[in-house]
Amino acid sequence: MLDDFFIRALIAGIGVAIVTGPLGCFVIWRRLSYFGDTLSHSALLGVTLAYSMEFNIAFSVFIISSLIALTLIRLQKRTNLPGDALLGLLAHSSLAVGLVVIGFLSFIRFDIMGLLFGDILAVTVDDLLIIWIGGALILLVLKLIWKPLFASTVNYELAEAEGLNPDRAKAIFTILMAAIIAISIKMVGLLLITGMLIIPAAMARNISSSPQKMMMYSIIGGLLSVILGLFSSLEFNTASGPSIIAASLFLFILSLLKIKQSIKLKN
Amino acid sequence: MSSNQNLLVKLNKAGFSLNNKWLVKGVSLQVEKGKIVTLIGPNGSGKSTTAKIALGIYKKIDGSVEKYTNKVGYVPQKISIDWTLPLRVNDFMVLTENLNKETIDEALSLTGVIHLKDKNLGDLSGGEFQRVLLARAISKKPELLVLDEPVQGVDFTGEIALYELIKKISDELNCGILLISHDLHTVMSATDHVVCLNGHVCCSGSPMDVAKNNEYKALFGEQASQILSRYEHRHDHIHTDQGEIKKN
């Protein structure tokens with residue numbers, strides 16, 4: 001069954017959606033969407049290094065993205081530049097360096113489109129293992145840091161005052177962000193990973209009344225987007241990443257109808 | 001020494017500066033089990049800063065803080081909650097500690113907001129939210145309660161009832177309370193120790209001592225001083241939310 005590329009892509013996509021659901025909620029709550037973008041842009045550098053040193057892509061992306069995240073945190077403390085400028089600086093410079101490195105690696109054939117927008121044909125059985133094992137680890141760690149992370153998301157000072165160590169939770173969450181980008185890069189492509197994190201979670205926000213529900217709906221939305229997106233990708237021969245994101249946009253628009261209804265109710 | 005066993009938090013000449021400006025400096029105070037210590041002082045005198053030093057929120061401080069408990073309940077003066085989070089009162093109650101339903105319900109009933117349990121935090125009024133904040137802080141049965149203007153925005157009868165509740169909690173749980181309040185009546189009737197701040201400790205001691213202090217008079221005026229020394233009225237009942245009267 002795993003011989004079929006489409007089945008592999010489906011299993012990979014489902015694994016990715018289960019993890020991006022909860023993480024995406026935190027990305028929205030903590031206002032980290034541009035942070036996610038920066039990490040995923042830097043992933044290109046990770047990919048090129050993986051190719052040039054014949055290293056596993058997911059590991060290499062994870063390491064580079066983590067380094068960029070740590071650099072960002074250090075720069076934030078040491079310079080007077082605003083956060084968004086630093087994000088832009090790191091995002092575009094790491095993207096540029098990645099592209100320059102690709103130029104030097106002329107002996108390797110690169111599928112740039114596949115890197116940027118995802119390629120379901122490229123998902124191997126090894127990738128499935130990385131996605132599911134890596135994904136399970138990400139969710140496990142998220143569960144372990146849930147209390148301090150969530151409490152400090154609601155209010156940093158309350159969490160700090162009542163002894164929950166929010167700084168450590170924040171640092172660990174940053175590493176989790178790098179990890180999710182590393183495992184989902186092949187499926188969604190590095191330009192669209194943040195979309196996979198944000199859009200299902202945004203859809204879920206529109207229809208949920210508690211944080212737990214928002215996470216559940218976000219996972220369900222991600223799963224539906226993956227399934228819808230992959231089938232249409234197969235049907236219309238479009239790239240997998242954009243198809244999945246377009247499907248999630250469709251779900252988001254549907255969720256707006258629900259908001260409209262509840263506003264009517266209130267009036 | 002028994003006083004050391006009861007010690008919950010102690011500040012030794014603690015101070016905190018931001019952008020080369022001292023917010024508060026040289027504060028020494030201690031909170032013990034079962035005691036209420038109240039910080040008073042004009043706006044900008046460093047009351048909230050002192051509370052945050054005691055809580056360990058500010059880390060780069062002058063002087064030192066010794067904290068002997070991790071069971072802390074905190075009601076901040078200002079709290080901004082991001083409404084991108086769908087958060088009901090019930091979710092908020094278990095924010096820093098998992099509690100069972102009975103404990104949650106009991107705390108919400110005590111502050112008179114049990115009927116709001118399933119409401120979204122964003123839909124509450126200022127006073128209602130303040131009651132929820134207080135309920136959350138007491139529900140985990142803390143050893144140290146830090147209350148930064150806990151009744152701001154609460155209606156007049158509610159205010160009195162909540163202060164009575166705070167006093168009751170201090171007795172029942174035997175927890176120490178660091179209270180910041182502008183209500184001098186309350187301060188003087190229920191407090192064991194008053195610290196009057198104005199960027200530094202301008203005077204401290206029992207309510208009566210502070211009331212007689214000249215610096216205090218200069219800061220708050222003669223009238224405030226009379227409030228303190230005159231205050232002897234005691235309640236033998238509390239008013240519930242529905243207007244009934246409950247005997248203590």
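Q: Let's start with the fold of chain B: how many helices and strands does it have?
A: In this predicted model, chain B comes out with 10 helices and 11 strands.

Q: And what share of chain B counts as buried?
A: The figure is 42% of its 248 residues. For contacts along the chain, take pairs at least 6 apart in sequence: in chain B, 64% of those contacts join residues at least 24 apart.

Q: Which residues of α4(A) are buried, and why do they line one face?
A: General idea to begin with: an α-helix has 3.6 residues a turn, so residues three or four places apart point the same way. In α4(A), the buried ones are L87(A), L90(A), A91(A), S94(A) and G98(A). Looking down the axis of α4(A), these buried residues sit within an arc of 95°, so they line one face of the helix. They pack against α2 (33-52) and α3 (57-78) of chain A. Turned away from that buried side are the exposed A85(A), V100(A), G103(A) and F104(A).

Q: What about α7 of chain A: mostly covered or mostly open?
A: Mostly covered: seven of the nine residues in α7(A), 146-154, are buried. Those are P148(A), L149(A), F150(A), A151(A), S152(A), T153(A) and V154(A).

Q: Which helices do the buried residues of α7(A) pack against?
A: Their partners in chain A are α1 (5-29), α8 (156-161), α9 (166-188) and α11 (211-236).

Terms used: Residues numbered from 1 in each chain as written. Chains lettered and ligands numbered in written order. Predicted model: local features only at pLDDT ≥ 70, side-chain atom pairs only at ≥ 80, totals over all residues. Buried ≥ 20, exposed ≤ 12 C-beta atoms within 10 Å, placed from the backbone. Helix = DSSP H or I, 4+ residues; strand = E, 2+ residues; numbered from the N terminus. Arc of directions from axis to C-beta. Contact = placed C-beta atoms within 7 Å.
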